[in-house]
Amino acid sequence: MKETNETYGNVPASRTGIEITDAHRAFFKAIPKAELHCHLLGAVRHETFVALAQKSRAPIERAEIDAFYTRGDKPVGVLRVLRALDEYLLTGPDDLHRITYEYLEDAAAHNVRHAEFFWNPTGTVRVSKIEYGDAQAGIVQAIRDASRDFGMSARLIPSIDREADPDEAVALVEWMKAHCADEVAGIGIDYRENDRPPELFWKAYRNAREAGFRTTAHAGEFGMPWRNVETAIELLKVDRLDHGYTIVDNPALAAKYAASGIVFTVVPTNSYYLRTLPPEHWAERHPIRRMPELGLKIHPNTDDPTLHKVNPSEAWELMFSHFGFGLDDLRGFMINGIDGAWIDPATRETWRTSWLAEFDNLAKPLA
Ligand code: HPA
Ligand code: ZN
């Protein structure tokens, strides 16, 4: 019988023997956080999904929606849920405003001070039939409203749907160039990596870089080979990398990226490893454990928080409770997040000082 942890859906219970106390939980919640890897459609509240389905009269049964939000032994694939949102639920910029504002409100409740989050415009424009400029404006307005109401900052990362034609990615960059806003920082790429390697999208990345956008890419997710990580870094020239776990299979290349200091955003609840690693060895064999041993700069994130049933505090907790990292390691991860964030140098310096002072103060009672 698989032992599960109620808090994070189907994540196996900790095997490290560390007892997590209320003081630990308060600490994980209180530390100032940057969140650099979260998908807007993977952060929709369950009740909002239901409300949007009612509003748009979507042909989705309540039981099916509830199944989307259940992470038992056989969770519905996250990517399918996201397609349903595009197809039936999002009908106008107000819907995008609502889900963005709610995501940021939920993140702020866990002391996320700065969020950089993904949104896939191709589905919004082609499937939901909302024009790019209108959709982006709804999200950007929500970022402004949230920063006023919750005292946080946030940046949008329009993300390439790699299952679509690479020319759609080029079109996406053109849309971004036509609708510049300070809150729109750069591009990413996500969705199913199998058979859709990064090199297919070289042109969109080149154009984005030439237009002054920052870049990141999902690579080495779903067990896809380290070569995709290498291609994303060397050919697409990304500023940071999302997931990247299979880099541990090539220690020489890992050493190179350790020396370059590129930041890897990692996701402790990534479903590929929950599905493929035996529960009793999940925490020991997870590649996230090995990445810092190889010198790589990692930073923990939620990815699809409402679907993975995880919040930002719990993502940090898992690094401690399941992957065996200590408080000093977490302190380093916090620095990595500040270093990897797409913020100006003065803000980076300020946060390095002030967030670390907060971290050290909060850590004192746990020492
Ligand atoms: N992988 C995992 N979760 C996601 C993705 C992805 O590519 N896109 C949106 N949520
Ligand atoms: Zn992701």
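The four donor atoms around the zinc ion (ligand 2) subtend angles of 82 to 176 degrees, so the arrangement is irregular. A tetrahedral assignment would require all angles to lie between 85 and 135 degrees. The model is predicted, and its two ligand sites are summarised below.

**Zinc ion (ligand 2)**
- The protein donors are His37 (NE2), His39 (NE2), His218 (NE2) and Asp303 (OD), at 2.0 to 2.3 Å from the zinc ion.
- Along the chain, these donors follow the spacing H-x1-H-x178-H-x84-D.
- For reference, ideal angles at a metal are 109.5 degrees for four tetrahedral donors.

- The largest pocket is the space taken by ligand 1.

- A polar side-chain atom of Asp190 is placed 2.5 Å from a nitrogen atom of ligand 1.
- In the side chain of Asp304, an N or O atom lies 2.7 Å from a nitrogen atom of ligand 1.
- For Glu221, the distance from an N or O atom of the side chain to a nitrogen atom of ligand 1 is 3.0 Å.
- On its own, ligand 1 has 260 Å² of accessible area, of which the protein covers 96%.

Note on methods:
Residues are numbered from 1 along each chain as its sequence is written. Chains are lettered from A and ligands numbered from 1 in the order in which they are written. This is a predicted model: local features need pLDDT of at least 70, side-chain atom pairs count only at pLDDT 80 or more; totals for chains, interfaces and linings use all residues. Side-chain values use heavy atoms; hydrogens and water are left out. A polar contact is a pair of N or O atoms within 3.5 Å; within protein, one must be able to donate a hydrogen and the other to accept it, and residues adjacent in sequence count only if both atoms are side-chain atoms. Accessible areas come from the Shrake-Rupley method with a 1.4 Å probe; for residues, only the protein chains shown count as cover. On a 1 Å grid over the protein atoms alone, a cavity is a set of points where a 1.4 Å probe fits but cannot get out, and a pocket is an open set with protein on both sides within 12 Å along at least five of seven lines; lining residues have an atom within 4 Å of a point. A molecule sits in a cavity or pocket if more than half of its atoms lie within 2 Å of its grid points. Donors are N, O and S atoms within 2.8 Å of the metal (3.2 Å for Na, K and Ca); water is not among the atoms, so sites may look incomplete. Four donors count as tetrahedral if all angles lie between 85 and 135 degrees; four count as square planar and six as octahedral if opposite donors are over 155 degrees apart and all others between 65 and 115; anything else is irregular.
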